[in-house]
Amino acid sequence: MHSLMTHTITLIPGDGIGPEITSAVKRVLLAAGVNITWEEIPAREEIEKQGLEFMKAGVVESIRKNRVALKGPMRTAIAGGAPSINVGLRQALDLYANLRPVKNLQGVQSRYQDVDLVLVRENTEDLYAGLEHTVVPGVVESLKIITEKASTRIARFAFEYASKYSRKKIHAIHKANIMKLSDGLFLSSIRKVAAEYADVEYKEMIIDNACMQMVLNPHQFDMLLLTNLYGDIMSDLAAGLVGGLGVVPSGNIGQEAALFESVHGTAPDIAGKGIANPTALLMSAIMMLNHIGEALAAKRIEDSLYKVYREGKTLTRDVGGTATTAQFADAVIRTLGH
Ligand code: NAI
């Protein structure tokens, strides 16, 4: 079964386990008959060897042209070093919405079953923009920017998503009792948008309570709408409820382009060993296929992935199996035919 559409998509294999998991995902998409020409960005080391900076080597231009990208993880230095490429791409392409569906995968051990959440995180501003400077030695200022424009835009994205996918409830998560101006503006902007969507229940919850409530009873939530930093933290918390970062996908979506990536990092401890789990990247690719109008192929791959997990015979080590990355991909491909 081959798709009639052809797509050109930017592929950023990334660092560490990135090349291993992207090549597994490419094989699955090919086997599912999706017609994709990958515009592959060379490894960061190759680009840097030529004396170029990664961000200035045509990556942004390629994504802008193709409007869609699939990306493996990229390492970022902690405290100091070059700015994050992940954040840089989101800013350069104005990928303002970070979408993270969090669902149980049958066969993966987790604290809860039947979790089905969607987190929508504002992706361009807030403390996360990294606007910091040293005021005088020993004193650092870090700026939290919240605008009505970005808050309204992300609210519109969340409520439109709820309408399109029949989600029932959105919780806006905030700390407006303390950050009355910044989180206050986030909330007042959302309330105006919420008023236009009578079919979606709108609620608000303070971030610290929301964290506790998520751990106690995640089933009370449906969609969560958050500023950048709270969204970053709470989406990992949510991933922890269903078995961890290895089994949750993400999309960074803007007006002009969309970039899909797994939320785990480069896993330097297992890089190059051929044992990494490509599930999160494959699930991100499934989101990408839905985004580009390949819903049938997306569903086929998803069904096949779920079946491999249900059977539990060919799983990678992080989820309790012994299979290699390639053996796992082969099992998904074999199951596609059934
Ligand atoms: P990590 O997610 O790379 O690793 C944490 C643990 O999870 C490790 O034990 C690793 O082996 C395991 N793990 C992660 N992905 C796995 C997979 N697909 N299959 C099997 N096991 C997996 O987090 P860490 O160590 O904090 O970060 C390493 C690097 O990744 C850092 O440079 C960080 O900046 C970068 N990073 C990049 C991200 C991105 O590109 N979106 C996101 C998070 C981190």
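Begin by selecting A267: one of its polar backbone atoms lies 2.7 Å from an oxygen atom of the ligand, a polar contact being a pair of N or O atoms within 3.5 Å (within protein, one must be able to donate a hydrogen and the other to accept it, and residues adjacent in sequence count only if both atoms are side-chain atoms). The ligand taken alone exposes 820 Å², of which the protein buries 65%; accessible areas come from the Shrake-Rupley method with a 1.4 Å probe.

This is a predicted model, in which local features need pLDDT of at least 70 and side-chain atom pairs count only at pLDDT 80 or more, while totals for chains, interfaces and linings use all residues. Residues are numbered from 1 along each chain as its sequence is written, and side-chain values use heavy atoms, with hydrogens and water left out.

Select G265 next: a backbone N or O atom of this residue is 2.7 Å from a ligand oxygen atom. At K71, a polar side-chain atom lies 3.3 Å from an oxygen atom of the ligand. Then display the whole shell of 19 residues, whose closest members include M74, D269 and N277; a residue is near if one of its heavy atoms lies within 4 Å.

Now turn to the strands (DSSP runs of E, at least two residues, numbered from the N terminus). Ten of them form an open sheet with mixed pairing, in the order β2-β1-β3-β12-β11-β4-β5-β10-β8-β9; two strands pair if DSSP finds at least two bridges between them. Select β2 (35–40) and β9 (201–206): these are edge strands, each with a single partner, so one side of each has no neighbour in the sheet.

Finally, select β4 (residues 97–103) and β5 (residues 116–122), which pair in the antiparallel sense over 7 bridges. Within this pair, N98 stands opposite R121 of β5.

Definitions and conventions:
Helix = DSSP H or I, 4+ residues; strand = E, 2+ residues; numbered from the N terminus.
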